[in-house]
Amino acid sequence: MSAANATGRGASPLKRFGLPALLIALALLFPFLDDGLGLGLMFPVIVIAVYVMLALGLNIVIGFAGLLDLGFVAFYALGAYVVGWFASGHFNQVSISFLSTARSISGGSPAGIHISFWILLIVAGAFTALCGIIIGAPTLRLRGDYLAIVTLGFGEIIPRFFQNGDNLGGFNLTNGTIGIKSIDSPGISILPDSLSTWQRFGTLDLNPWYYTILLLVLITVYVNIRLRDSRLGRAWVSVREDETAAAAMGINPVTTKLWAYALGAMFGGVAGAFYGAFIKSIFPTSFSFNISILVLCMVILGGMGNIYGVILGAIALQGINFYLLPQINDWVHAIGESLGSPLLAGADIPKYNFFIFGIILVLMMLLRPEGIIPNRQRQEELHDDSDAGGDALGGTVRA
Amino acid sequence: MPLLEVENIHSFYGHIQALRGVSLVVEEGEVVTLIGSNGAGKTTTLRSIHGVLPPKEGKVIFDGEEIQGTPAHDMISRGIAQSPEGRKIFSRMTVRENLEMGAYHRTDDIREDMERVFDLFPRLKERIKQEAGTMSGGEQQMLAIGRALMSRPKLLLLDEPSMGLAPVLVERIFQIIREINEQGTTILLVEQNANVALEIATRGYVLETGTVVNSAPAEKLRQDPKVREAYLGEI
C-alpha cells in the first residue's frame, strides 16, 4: 500500500504505460499515415499541437494551482516575439548571428539578430517565466476574482504594447501592426546532406516541424505529470483547497502560486516561440483575448487538472475550429445550393465558432462541470452537495 | 526559560483593536488554556502568536527567540503547529494525504509519527483512505489535531477543539489532548467550553475584551466564584 496507491492513481501497469505508449506510437506514425492516406492534415495538426502545449501550460496554473488566469495569451505572445526579435532581420541596425540557419544572399552575415531557434526556445521559456514572476509577485497576493481581473488586464496590455511599440522614444521594438516578418527557420545544420529537410525546416515538408512540436508536447506532458505528483503538486492542491490551512502546514502560499504561474508562463512562452518560427510572421492581432479564452475553454472542457483531459479538450476544440466547422460550412453551402437558398449557400459558419464554443461550455457546465476526463479532487469540489450529510454524532460544522 | 512568552501584545483588525496588551507564559510541558466569552480575543491571541495576524506592538518569544512578525508558514519549522478554528482540514484529500500534509516541511521518515497518530485516534486508521470532508465533525477534529502532530511540534496550538461536537465526543477529544500532553507536547488551548478546558489544563488565563483579567492554576480558577458564574454556567 504505497502513498501513490492511496491517491487512487495506481492503476495496472498496462493501463499506466500501455495506453500512453500506444498514443505516442500513433503520434510518431502520424506523418506516414497522413502521407499514405493523403489527408493533408499536417498543418492543422501542428497548430493543434501548439494549442495542446498552451493548454497544458495553463493547466498548471488553473488545474493544479486553481488560479484563474484570463491573460495567458500574453506569455504566448511574449514567446513569439522573442523569436521575432532574435531570429529575423527586424533589428537591422546590427548584424549578429549565432548557430543560425539564416544566410544572406551575398553569403555574408545577414542584417538583424539571428540566433539559433533551439537556443531561443530556452530563452523564450526563461524570459516568459521571468515575466510570469514579475507579474505574479504583486498580484498573486490577490485571491480569486481579483487575480482574474489583473490577468485579464495583462493579457490585453501585452498585445497593445506590441501594437504600439514601433516608436518607443524613436526606437522600433515591435514594428507595430505590421508585425515582424520573415522569421528564420529552425534547423540542425550539423546534419548530413541526406537529411536536408532537417538541416533547415522548410514549408513543403512539415515533418521536422511536426516532430519538434511533438517532442515539446511530450516534454510538457512529462513535466505536468511529474509536477502533479511532486511535493509542489501537493502544495498546489492544498493552497487551492485552503490557503490558511496550507500556511499552517508550512507552505508559503505566495511562492507556491508563483511557481505555478511561472511554470505555466514558461510553457506558454515556448509554445509561442515555436508558433512564431512556424508561422514565420507575427502580428499583434494574432494574440488577441480570444486565444486566452479558447485555451481556457480547452482546459475546462477537457477537465481541469487532468492531463489527458486537457489534451483531449485542446484537440477537440481546435479540431472543431479547423476541421468540423469548415466541413459543416461546405455541407451547408451544398444544401443551400441544392435548395436554391442564397442565405444558406453564402453562410459563413466558421465565423460562429465562439458562439458554438459558448454553447459547448454552457452545456458542459450544466451536464459535466468537471470536464470530459475529470481530476478526482476537482470532481468533488464541483459536486459539493454530496457530502453535506455528516453523521449525527459529530455534526457538520465546516469552514 | 518559558517555552512561549507573550509580552503585552496589541493586535488590530484594520482599525479595530482586538487585543489590548495581552501577556502570557507557557512553560514547557504545560497545558495552558485561554478561556473567555465570544469576542474576548482568544482566537486573536492564537492568530497573533501564529503569525496570521502579526501584533502591532509587543513581543512573542518562542524558545528564546522573538518571533512576532514571522509569517505563519515559517512557524511549523520553528516547532509551532496549530489546529485552527473550524478545523480547516483539506476536505478533498484523504485522511492519509491530510496527515502527509501535516509533515509537509519534513523530509525524514514519517511512518512512526503516523503510527503514533493512529494509536491516539484508531478511528482515523479505519478511515485512512476516506475523503476527509465526508467524515463526521468529531473525526475531522481528530484529523486536524493528528495533522498538527505530524510535524512533531514543541508547542501545539488548539483552537476550539470542542466546537460543534456532541458532549460525549468532547470528553473523548479532551482525554486525547491530555494524552498528547503526557507524551511530552506542550499545549496552548483556546476553548469556550471552560469546564472541560480547566479539567485538563495546568493553568488558565481569563480574557475579557482583549485583556487578561485573571490568571491562575486551573484548579484555582475552577473554584473562583466569578469564573464559575461567568464561564462555568453556575449561578
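Tutor: B:S83 has B:L158 as its bridge partner in strand 7 of chain B. The model is predicted: local features need pLDDT of at least 70, side-chain atom pairs count only at pLDDT 80 or more, and totals for chains, interfaces and linings use all residues. Residues are numbered from 1 along each chain as its sequence is written, chains are lettered from A and ligands numbered from 1 in the order in which they are written, and side-chain values rest on heavy atoms, with hydrogens and water left out.

The bridge belongs to a pair of strands. Strand 6 (residues 80-83) of chain B and strand 7 (residues 155-159) of chain B run parallel and are joined over 4 bridges. Two strands count as paired if DSSP finds at least two bridges between them. Strands of a sheet pair through backbone hydrogen bonds, in a parallel or an antiparallel sense.

Strand 6 of chain B is covered on both faces: B:I80 and B:Q82 are buried on one side, and B:A81 and B:S83 are buried on the other. Buried means under 20% relative accessible area, exposed means over 50%, and partly exposed lies in between (1.4 Å probe, protein chains only). In a regular strand the side chains alternate between the two faces of the sheet.

Now the sheet as a whole. It is open and has 6 strands of chain B, ordered 6-7-8-3-9-10, with mixed pairing. Its edges are strand 6 and strand 10 (211-217) of chain B, each of which pairs on one side only. From one strand to the next, the twist averages 15°. At the edge formed by strand 10 of chain B, strand 9 (residues 203-208) of chain B runs antiparallel to strand 10 of chain B, and 6 bridges join them. One of the residues in this pairing is B:R203, whose bridge partner in strand 10 of chain B is B:P217.

Helix 6 (residues 137-149) of chain B lies across strand 6 and strand 7 of chain B, running at about 170° to strand 6 of chain B. Angles run from 0 to 180 degrees between N-to-C directions, and axes are lines fitted to C-alpha atoms, for helices over the stretch in contact. Helix 7 (residues 167-182) of chain B packs on the sheet and touches strand 3 (31-35), strand 7 and strand 8 (186-190) of chain B, with its direction at about 150° to that of strand 8 of chain B. Contact means heavy atoms within 4.5 Å.

A further helix of chain B is helix 8 (residues 194-200), which holds B:N195. B:N195 is partly exposed, at a relative accessible area of 39%. The C-alpha atom of B:N195 is separated by 7.9 Å from that of B:R222, 27 residues apart along the chain.

Chain A can be set beside this. Its secondary structure comes to 16 helices and 3 strands, and 48% of its 399 residues count as buried. Among contacts in chain A with a separation of 6 or more, 70% are between residues 24 or more positions apart.

The strands of chain A form an open sheet of 3, in the order 1-3-2, again with mixed pairing. Strand 1 (87-88) and strand 2 (95-98) of chain A are the edge strands, each pairing on one side only. Strand 2 of chain A and strand 3 (residues 112-115) of chain A are parallel over 4 bridges, and A:S97 stands opposite A:H114 in strand 3 of chain A. Strand 1 of chain A runs antiparallel to strand 3 of chain A, joined by 2 bridges, and here A:S88 stands opposite A:I113.

Finally, a helix pair in chain A. The axes of helix 9 (residues 231-241) and helix 11 (residues 253-279) of chain A come within 10 Å and cross at roughly 115°. That makes helix 9 of chain A roughly perpendicular to helix 11 of chain A (under 35 degrees is roughly parallel, over 145 roughly antiparallel, 65 to 115 roughly perpendicular, the rest oblique). The contact is made by A:L232, A:A235, A:W236 and A:V239 of helix 9 of chain A and by A:P253, A:T256, A:K257, A:W259, A:A260 and A:L263 of helix 11 of chain A.
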